[in-house]
Each structure stands twice: as C-alpha cells, then as structure tokens.
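Please look over the model below. The report that follows takes up contacts, strands and domains in turn.

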Amino acid sequence: MLRPAPRRTRRVGHARQTLAAYALLAPSMVGVIGFLLAPVVIVMVLSLFDWKLLSTPEFIGLANYHKLFTDGDVWHSLLVTLYYVLICVPGTTILSLLLALLVDRKLRWMKYFRALLVIPWMATPVALGLVWTWIFDPGRGALNQFLGVFGIDGPAWLSSPVLAMPSVAAVHIWQFAGYNMLFFLAGLQNIPPSLREASSLDGASPIGHFFSITLPLLRPTMLFVLITNVIGSFQAFDTIFVMTEGGPGDSTEVATYLIYDEAFRKFDFGYASTISVLLFAVVLIATISQFVYFERRTTYDFS
Amino acid sequence: MSQKLSRRTFLIGAGSALALAGCGSSNDGASSGGGGGKVELVYRLWDEQQEVGYKAVFAAFTAENPNITVRMEVLPWDQYWTKLTTELAGGKAPDVFWLTVENFPDLAGKGVLAPLDDVISKAGLTLDSYHPNVVQSYKFEDKQLGMPKDLGIVGLLYNKDLFAKAGVTMPAELTWAPDGSGSFMDLARKLTVGDKQWGFCSWNHSQTQWLNWIASNGGHAMDKPYGTFDFAGQKSIEAMQWARDLIFKWHLSPDGTRTNPPTGQATEMFYRGEVAMFPANNALLPFALPEVKFPIGVAAMPSGPSGRTVVINGLAEVMFAKTKHPDEAGKLVAFLGSEKAQKLMGDAGYVIPALNDAGAGYTAYWKKKGIDVQPFLDSAAGSTVNMPIAEGWTAKVAEINKAMNDLYLDKPEVAAIAATMDKIGNDK
Amino acid sequence: MRLRILPYGVLVAGCVFAIFPYFLTVLTAFKGPGQLSQTLPWEPGLPPSVAAFDRLFASGFGGYLVNTVLVTAGITAGQVVFAVLAAYSFARLSFPGRDALFWVYLSTLMVPPVVTMIPLYLMMQKLGLVDTWAGLMLPTMLGTPYAIFLLRQFFRSIPADLEDAARIDGAGRVRTLVSIVLPLSKPILVTVTTLAVVANWNSFLWPLIITSSEDKRLLSVGIALFKSEIGVDYNAVMAGSLIALVPLLVLFVVFQRFIVRSVAVTGLK
C-alpha cells in the first residue's frame, strides 16, 4: 500500500536541521565548490577573455560569443554530439535494463554473468581504443571476418563518414551497458519482493506487469541512469580521440573534441571556454527537462 | 547533538584539509634545490626506449658536474603536448625538454624558449657542426632556440624474404615518374602478388611519403619556412596524383581504408609481410626489429624527375626561458650537444646524432643487428628538405593531415584537396 | 524449459560480446616478440611468452601498481564517506538552499574535464600542490556529485517510517543514518564503492597532468607510455591493461556477495 511521505518531519527543528545538514555537507562542499565548481566558474569567466595560453588574458566582453553564433563548425559539432547522444543513451539504457532484468534472478551462474558483463567498463582507455581499432579493421578485423562467414563483405567502418559515428557509439554502448546494469540491479532489488513478481491476482502478463508496476517503481534509478548517461555522452572524448580524431572529415567531431582542438592546438582558450559554456547550457537544459519530467511522476516511498 | 556534530565535523574537515595541503611540497614541476647546493634539473621526453639510453648520458653529465642531477620525466606521446601546454599556461615548464619541428612554431615567438647561442658558444661548440637542416628548423628570428639532438631521415625499408621469393634484388638506384614509369614501378609490380601482398604502401604520412614525392618531383610544399604553401602547384599535384595512382590505377598499394590515420595499420602491414617496400624514418628501426620475422633491408628512397630529395626531421632539446636554474640547465644543454652525449645515443642505435660525422657508432650498432643503415646516412648528406612550418602550426598541421586522408580514398580531385591544404596553411 | 534457454542465450551472447575484446587483449599480452605480426588478433601466439610482462615490470610497473592501489583506496574511502553524508543531507533534511546547492553540485558535471583541467591545474600551482599526492587526490576525495546524486536517489526510496521511528526514540541524525539507513543501503553502497574504485583506478588525464615524478606514476599513465610517436608496443599495452584489470575483477566478484536483497525491507510487512 503506497502512501505519501509524512510531512511533519519538515517542520520540526528547522534550524537544527539546517545546521545538521550543512555540517554533513561541509566536506563535500569544500571538494565540490573548491575543486569542481571553481574551475567551472573560471572557465565561464574566461569565455569573456581572449587568452592565448602563453600570453596574458585580455578582456573582450562578448566578442567570443559573437564569433560563436556564426561559427558553423560549432553548430555542426553540436549536431554531431546530439547524434551521438541519441544513439548512446537509448541504446545503453535499454540494453542495461534488459540485462539487469535477466540477471536479477536466483539462477545459477548469475554471479559470473554479472562480472563478465561489467568487465568492459573496467577497461583501460588506451588498450580499449587499440583493441577496437583492430576489431574494426576492414581487412583483418574480427568484425569483418565474422561477417565474411555469412558472406557479407564488411565495409571500412571507421573510414566511412556514415559508419564512423555508429561504430564509435557502439563502443560506448559496449563499454557502459554492463555498468548501467548495476544501477538497475540495485534499483530492482530496492523494490519490495511482493511487488516484483506478477501475481495471479493481477491478471496481468509478465510484460504488462513490467510496464505498469516495475518500470514506474524504477523511476528513481531511471532518472539517475538517463541523466548521467546524457551528461556522460555529451562529454564523450577518449574513444573518439583514439579511434577517429574527429574524422573522417568532421563526422565524429563532437563538441568536446572541438573544445580540445581550440584549447590545445589553436591555443584559443577563451574561445574554448565559450564553446564549453554553450555545451554546459545544452546539457543543463537537457538535465532539467529530465528532472521535471520524472520528478512529477516518481514515487520514492514504496511502503 | 547536531551542534556537537557540526563542530566536530567542521574541525575534522578543516584539519584534514590543512594537513593534506601541508603534505604537498613546494615542488611545482620545476627544479628544486637552493643556490650553490645540489641542483636537480627536470628533463622531459616521450620515448621510453630512449629513456634507457639517456640514463647513461645523464650519469656521464653528473660525473662531470657533481652538483647537478637530472631527473627524467617520460610522458606518453599523445599527451606530451597537452601537459606541456597546461604547464606553460601557468608559466612553468620542465627545465629542458624535447621538441619537434611541428610544435616549434607555436612556442618560438612566445618567449618561453631560451636562446641558446651563448650557451653554445660558451661551451666551445659551433652550430656548423650540426646538420644544417636541423639547426635551421629551430632557429627563430636569428636566434637559436633548440639544440639539435638527432636527425631522422627517410629511407626505404624492404622485406628481403619477399624479394627473394619474387626473385628480385634491390638495385642501387630506383627511379619513379608521375606517368608510372621507372625502375621503382617495375620492382613494385613484381612484388605485388595476388590481393594479399603489395609491393609498396602509399599512405597518408607527410614525413615519409608525400612530402618526399612533392620535393622529388620539383614541387614545393612551401617556398620558405613561415612562407606560403603551394600544394596546388603543378609539380606538387602531379606528385600527389602519382601517390594516389599507386593505389587505384596501378594497384600496387593498399588503400586509405586500411592505412589512414589514426586507425591505419600501414606499419603493421609491413611487419606482417603484406607490404614489400615501406618508406620509414630511421627511428622506426628499434621498434621494427623485435617485431619482424624477416631480414630488413635498407635502400635510399627512389629518385623522382628532380632527383632524390628526402625529408629530414630532427628533434631538438630546448631550455625553458624561465627556468630557475639557467646556468645549470645551460650546462646540460651544452653537454647534450657535445660529441660525448650525441655519440652515446648514436652508438646505442637509437638515433642518428645531429652532430656531423658522429654516426659511425650508429652504423656499427645496426650492422651487428644485420641491417645496413648506410643508405640513411648517404641520403642525409644528399638533397634534403625540411617539414613545412607556419604560424599556428600545431592546429594547421592536424587539419592538413586530415585533408590528405581523402587522397588515399580516391574521392575529391587531387586539385581540390591541394587547394584545401593551401587554404588551411595560408590562412592567417 | 524453453523459457529458460532464451534468457541464458541472450546472456551468453551478451557476455561473448562483452568479453571478446578482452579475449584479444589476453592473447596479445602473451605473445612474444615477432608473434604479433605472424598471427591474427584472435589467434594465440605459440608458445606463449611473458616477455611483455617482463618489459612492464622492468620499466617500473610494480611501483605503479602499488601507487594505484594506495591512491585508489585513499580516494575511494574519502569519496564514499563524504558522499554518504552529503547525500543523506540532500535526501532527508530540509534546509534553505538545498535544491539550489544540489543543482550546483550537478552542474559541475556538465563542463568537459579537458577544459576545467587547466584552471584546476593553475589553482594547484598556486597552492603548491603540483606533483604531490594531495594535489592528485583532493579534487575528488571529498565526494563527487555523481556518487552523491546516486545515493540521494536511493536514500529517498527508503521508507521514512523506519527513520521516524528511530527519531522518536531519541536517535540523532547521524545515529539514524548509521544504524537504520546504511544497513538498508548495502546494495547501493557496494555499487557506489565499486563505481568509485573503478573510476579512480582508471583515472588518466588528471594524474597525468598533476604528477610528473616517476614515483607517483599510476598504472593508467604507465600503460600509455608504450604507445609512442612512432610505434605501439601492443604486447606491453595489452599486458599492462590485463594487470590493471585483474584486481578490479577480483574485487568485483568478492563484493558480489554483498549485493543481496535487504531483509529489513521485507521485515516491514
């Protein structure tokens, strides 16, 4: 039986609560505000400067932003990033949810399946990039050899402007499906057992039960997974840096790669900061939207 | 209860933060040590094979200068530049570090590299003793900003087993021409067998591939350092077209889908015996030797219609302009340019020293390994050309190389690719 | 019976897909000099060779391993403790600025690290923490918004009745947290710890930027050294990544035992 969280706890001892809250938050505030927020704020401030890294910063107001709005490369890279996000997030989320459902049973060997599925996420970035490059190699790569068994002549995955992005996205999904599965597993185990299995009293099929009971109860987890995956894929960098360097052409030039290029190759840190602010705004809007959508519909208390 | 908790937590939090901050020494990436006492210099490089060689060099240096020790910092190549840039943004850098020709322009005019002319003359060295191309590469506005370290010259490596199987031997001279004639072409044809073995590999690598063809055909990538690019010149386009025709017209080489950076496997194809002839910088030898199962032959690059001009590329050691120990760092730089240091690295087979006539030990080392590297040295004494450089080169070179990928995919017209490259290079 | 096969089938396929790249890694790690060019990536090198591992340890890999273990343990311990405190605060307490602060925390995740790394490095320079353990560990040791977000979601889903009951009995916030909430949160705590361990273990860019001395080098940087300008020592890179993987895998399998459904939740009924 579900009932809303009691509200009386909010009124009692308000001042003591505030003190207690900030005391508990203090260490993390030092870390987050001091080491995580401060650089972000500095980056935002620097977007108003012209800083060529090896010289002193010069205040130029909104000049960088004027440049930004007419810079086709930036908008193109946003589109490319969006494309990447739209493949990775649904792909990873659906796959990891499916895996969690399969693995969350008291069947044999589930322990080992879980461990094996999570291994991709534990990979060293350098080695990972190299191995996938081998797999995608048109001539001797495992993927094309595998397709060859079925008589399919595999294309040049990473050299094709059309296929490069899906290939890189596939590596992302490979890397993170097992990882996100862990969150869904934890979420599933948080649901009281009485609500987990479809009972004959429901009259519902397992699939119906899943969509009407389990999935809504998974919303807190789903919110977390979606938001962190969206943020994570907007920030994707390592795999693209190793496997495609933004190419072929600019078909995989995601926003973070453009930012890296501006900062470390063109030494235009002011402009790189400006693009970062734009990216930040996009991600923030995406995150807020998800929060708004979910929080309205989410039940947190399952008693 | 909450008040006690808050005080306790605050004290613990503040205390630990202060303690941790105290843990940090004031070692901020530059050197340590007071005046007159022991000085530790920081030397940064990206080759962990050469690190071993440099241990001997620095041992010799400290023997001559007991109050100076050198600490080496090896970084992965991909991140070398990122880290250096980050440090320079804060006004710091290692005392002495490696630079390539391609990264030099972006640092040259910014006051972060110390002029070495005085250091060199005080140590009794002259710039004439080094290969002129390498010296020139690190000069900026008449000041020498880099101590020539080594020279990398392009030669043609070949697979002796595949040659034996095809019943051919490497002639003394190879020739090529844009129309497809020349002894080089005939040789490559004989070595191309079926669809798994190619006589040659024509791929997107400026230093060992297309810059050489352009120069040997009489073209100029650039009229002078920091000058104007001319990839769209007629001779340059002919050379580029020839590089493409090797793949798509005469089928003597694998195409870009297999060789284009960053995922291309061109070098690996040579190691595997799928490619019979492979142009390479001599610095590849220490990496190639352990990996191949065939005897490696070395020949000079083929001569084009304008003769043989090969790319020469040397690294330099530079001194940070704001180092805390300019005297000691200067001594180190001078030592690194001395015959002793250069020979130590050359004799161990790592690199050809930039110092003239110091390469005998290098040749001897490789002879013992069964590889005759004389063609490299001969080419270095012949007609050579430097890699082009321009303002803002770090960014431009990345884009130009990327544009060149299309050449090996048979897509836009060569003229269009060349025009794009000129545009990128000449863009102010 | 047929219903059983389908889930197993999908799982097996999933595992093959997940493991295949590692299969290649293992094979390559045990190939000796020259074998890489003679075999396809999925063919073993015979006889297997540990030459790559020798090269790694000769270059100081043992030290990197020790460093990584210590640094990971230190950062993770701090991260988990402080994140739990912060998340509980966000989840259960009501105070002015709560939601704003939570969004501030979240927003720090939205700017790419490649660009925040420069200001952070400059800050560390001013604090004199460049090339120090403190400089390496402090930025994330006091709790990451990621972990705090995750824990907050889970703390909110625990029935408030249990905590109310404890409060009525006179327990303070911390006691409630420790004796009621945490025991119910074992699955998520294990998950957060695992998440932190792996993220810190494989952390690459920040350790590379902030430390330079070889005595502070971590595994991730040590492995990257074998990819140089001219060539890649594939065997060493793969061997290194295997060495990096094994401790994580062992830890994960051991922790699996603790991911059990919490009995207390059913106890409510």
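## Contact between chains A and B

In this predicted model, chain B gives 30 residues to the contact and chain A gives 27. Helix 1 of chain B has the largest share, with eight residues.

What is the split into nonpolar, polar and charged residues on the side of chain B that touches chain A? Eleven are nonpolar, 15 are polar and four are charged.

## A parallel strand pair in chain B

Strand 1 (residues 39-45) and strand 2 (residues 68-74) of chain B pair in the parallel sense. Seven bridges join strand 1 and strand 2 of chain B. B:L45 stands opposite B:V74, which belongs to strand 2 of chain B.

Between strand 1 and strand 2 of chain B, the chain passes through helix 2 (residues 48-64) of chain B. This β-α-β crossover is right-handed.

## Domains of chains A and C

Chain A is divided into domain 1 (1-46) and domain 2 (65-295). The C-alpha centres of these domains of chain A lie 29 Å apart.

Chain C is divided into domain 1 (1-49) and domain 2 (60-267). Here the centres, taken over C-alpha atoms, are separated by 30 Å. Six residues of domain 1 of chain C are in contact with six residues of domain 2 of chain C. On the domain 1 side of this contact in chain C, three residues are nonpolar, two are polar and one is charged.

Notes: Residues numbered from 1 in each chain as written. Chains lettered and ligands numbered in written order. Predicted model: local features only at pLDDT ≥ 70, side-chain atom pairs only at ≥ 80, totals over all residues. Domains from an automatic or database assignment. Contact = placed C-beta atoms within 7 Å. Helix = DSSP H or I, 4+ residues; strand = E, 2+ residues; numbered from the N terminus. Nonpolar A, V, L, I, M, F, W, Y, C, P; charged D, E, K, R; others polar. Pairing = 2+ DSSP bridges. Right-handed = clockwise from strand over helix to strand, strands pointing away.
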